[in-house]
Amino acid sequence: MQPYVSIIDALRVADVLFGDFGFTGKLPTAWFKSVKQLSMNVGYLHYDTLNPFGLGLTTKPYKL
């Protein structure tokens, strides 16, 4: 485990933040509204979550 961020890692983060590189991020699970729903799966009659399964964000590189 590295206790520091290398300059290469910092440059990669800067590329994403400034639009030089696109990224995709999706939630691997859904957040339920109540504890009673913890045993439910997608397709159940009363399956109601705060966000849909696989909700995410996708960006494309920004070209000038």
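## Close-up views of a predicted model

**View 1. Gly56, a partly exposed residue in strand S2.** With a relative accessibility of 47%, Gly56 counts as partly exposed. We start here, in a model that is predicted. Gly56 belongs to strand S2, and its contacts beyond four places away in sequence are with Gly25 and Lys26. Have a look at Thr24 too: 32 residues separate Thr24 and Gly56 in sequence, yet their C-alpha atoms are 7.3 Å apart in space.

**View 2. The whole chain, for orientation.** Stepping back for a moment, you will find one helix and two strands, arranged α-β-β when read from the N terminus. Of the 64 residues in the chain, 11% are buried. The chain exposes about 5900 Å², and 66% of this area comes from carbon and sulfur atoms.

**View 3. Confidence along the chain.** Among the elements, helix H1 (residues 7-17) has the highest mean, 84, while S2 has the lowest, 80.

**View 4. A salt bridge between Arg12 and Asp9.** One salt bridge turns up in a search of the whole structure. Here the side chains of Arg12 and Asp9 meet, with 3.8 Å from N to O. Side chains of opposite charge can pair when their charged atoms come close. Arg12 and Asp9 are about one helical turn from each other, because they sit three residues apart in helix H1. How exposed is each partner? Arg12 counts as exposed, because its relative accessibility is 53% and the cut-off for exposed is over 50%. Asp9 has a relative accessible area of 28% and is therefore partly exposed.

**View 5. A nonpolar patch on the surface that includes Trp31.** Four residues build this patch: Leu27, Trp31, Leu50 and Leu55. Is Trp31 buried or exposed? Its relative accessibility is 55%, so Trp31 counts as exposed.

Terms used
Residues numbered from 1 in each chain as written. Predicted model: local features only at pLDDT ≥ 70, side-chain atom pairs only at ≥ 80, totals over all residues. Heavy atoms only, no water. Patch = residues over 30% accessible without salt bridge, like charges linked within 9 Å, V, L, I, M, F, W, Y side chains within 5 Å. Areas by Shrake-Rupley, 256 points an atom, 1.4 Å probe, with all protein chains shown as cover. Buried < 20%, exposed > 50% of the residue type's maximum accessible area, 1.4 Å probe, protein only. Helix = DSSP H or I, 4+ residues; strand = E, 2+ residues; numbered from the N terminus. pLDDT = per-residue confidence, 0-100. Contact = heavy atoms within 4.5 Å.
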